[in-house]
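Please look over the sequence and the structure shown below before reading the notes.

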Amino acid sequence: MIASAVAVLAVAFAVASSTNAWSSPTVPGGIVYVNPLEYNVVGADYPWRNSSVVGSFDPTNTTPPFIQAFDPSFVELVGPSATIRLIASNPGFAFAHEAPIYVPDLDVVFFSSNDGGALGYSSWYNNSVVEMINMTEVDMALASATVSGVNIQVQTLNLSDTVQMVNGGTGPYRGNLLFVTSGRALLPPSIVLVNPNPPYNTTVLLDNFYGRQFNSLNDIKVFPGTDIMFFTDPTSVPSPCCLRRCTAFDPSTGQVRMVADQFVHPNGIAITADGTTAYVTDTGVVGGSLGNDQTLPATIYQYDIHPVTQSFMNRRVFAYTDSGIPDGIQLDMNGNVYSGCGDGIHVWNPEGTLIGKFLVNSTAAEMIFTKSGLVILDEEAMYLANIEAQGIDLITY
């Protein structure tokens, strides 16, 4: 009995010590600590969040955008001088949605507008747009700007009609931008290459699965050291033609094959630099015109990749987001996982623990690492978080 009491006291002391350590760290400017131990119990009078699709966990009531840390490791990850600042804005138009690709030689980020939604202004009759922002201009403007940021002019690319509703992208792939499209009207979803230099010549690589039209291609990554492309194909059309799945395409042989299924709505995808692990987000909780169902996934799944067949094996839950859905997904050099969610960019360590957020208090579907830091696409705005973490190399030579 005495031994048990001593053990309980030891645990209590350890918890108290941990709490005190969290309560008085040296907090760099721009970072707000939230100690999980202080919010494990909130009581019956707490203003509960009844929707997982909207809202955010901001117990400090800090005005966004800001960097929110749940673990000391996140402070080390972003660095002591980390800030998050506005770099572009266009209220009323979801110009900054998905498909970010950073081209280091040009110091430019390419991205697409929303291919749907009230502020996307795209439909059966109207295509989304692909745009670019010059990061050298961003850096120069921020160097003499106020804390709140700047508004750099983005440039719209005039692309071929074969590029319809860009929704995912990666690269550069052999010097080109590698996009997947959702398709529009009678134009099918496809994988397409776009030259990043004018006149932005395009080449369609794939637009069918043995004569069957894809549903609505969403995201894409290239398997390291090869030309094999992994892409997701959810259902975003009234009459889906294929199973919701993740597919592999080898452009050198033309072979197309499924590597994973059993999704409600497969969305973002990422592959580790060593090619051993895959991450796929399932955003089934958001049902579009059918409404939301909070019993369905807002989940990141983790897989082992077979060393010979590249099939995805041993599926397990990696993380579940507390706000919105985990949309686009990227990895840093230390194996941390970043995903665009309902209140900003969430970051999990390799064990699946949420360690921090870049909180903008609105849906940020995607992000991309650049020489300047992490560029965040926030629909009507773009932000730059100048952090020390660096992304894995997505270039295919």
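The model is predicted. Its largest nonpolar core has 26 residues.

**Nonpolar cores**

- In the largest core, the residues with the most contacts inside it are F74, Y338, F358, L374 and I387.
- Several elements each supply at least two residues of this core, including strand 1 (31-33), strand 2 (66-69), helix 2 (72-78) and strand 22 (344-348).
- Strand 23 (354-359), strand 24 (366-370), strand 25 (373-377) and strand 26 (381-385) are also among them.
- Helix 2 gives the most to this core, namely four residues.
- F74 touches I67, Q68 and A69, and also V347, I355, G356, K357 and F358, when residues up to four places away in sequence are not counted.
- Another core lies apart from the largest one and has 20 residues, among them A88, I133, V154 and L377.
- In general, nonpolar side chains tend to be buried together in soluble globular proteins.

- Strand 14 (residues 245-250) is joined to strand 15 by five bridges, and the two run antiparallel.
- T247 has M258 as its bridge partner in strand 15.

**Helix 3**

- Helix 3 spans residues 135-143, and its buried residues include M135, V138 and L142.
- Seen down the helix axis, the buried residues fall within an arc of 50°, so they line one face of helix 3.
- The exposed residues M140 and A143 are on the face turned away from the buried side.
- At the start of helix 3, a side-chain oxygen of N134 comes to within 2.9 Å of the backbone nitrogen of T136.

- Y210 is in the loop between strand 11 (202-206) and strand 12 (220-222).
- Y210 counts as exposed because its relative accessibility is 59%, and the cut-off for exposed is over 50%.
- Y210 is in contact with Q255 and V256, leaving aside its neighbours within four places in sequence.
- Y210 and Q255 are 45 residues apart in sequence, and their C-alpha atoms are 9.6 Å apart in space.
- T321 is in the loop between strand 19 (312-320) and strand 20 (329-331).
- T321 counts as buried because its relative accessibility is 2%, and the cut-off for buried is under 20%.
- The side chain of T321 reaches the backbone oxygen of S323 at 3.1 Å.
- Not counting residues up to four places away in sequence, T321 touches A298, P326, C341, H346 and W348.

**Backbone details**

- The peptide bond from P64 to P65 is cis, with omega near 0°, and P65 is in the loop between strand 1 and strand 2.
- The peptide bond from G171 to P172 is cis, with omega near 5°, and P172 lies in strand 8 (residues 166-173).
- M165 has a positive phi, near 60°, and is a residue other than glycine.
- M165 is in the loop between strand 7 (155-156) and strand 8, and it counts as buried at 5% relative accessibility.
- R174 also has a positive phi, near 50°, and is a residue other than glycine.
- R174 is in the loop between strand 8 and strand 9 (176-181), and it is partly exposed, with a relative accessible area of 46%.

Methods: Residues are numbered from 1 along each chain as its sequence is written. This is a predicted model: local features need pLDDT of at least 70, side-chain atom pairs count only at pLDDT 80 or more; totals for chains, interfaces and linings use all residues. Side-chain values use heavy atoms; hydrogens and water are left out. A nonpolar core is a set of buried Ala, Val, Leu, Ile, Met, Phe, Trp, Tyr and Cys residues joined through side-chain atoms within 4.5 Å. Buried means under 20% relative accessible area, exposed over 50%, partly exposed in between (1.4 Å probe, protein chains only). Contact means heavy atoms within 4.5 Å. Two strands pair if DSSP finds at least two bridges between them. A polar contact is a pair of N or O atoms within 3.5 Å; within protein, one must be able to donate a hydrogen and the other to accept it, and residues adjacent in sequence count only if both atoms are side-chain atoms. The arc is that of the directions from the helix axis to the C-beta atoms.
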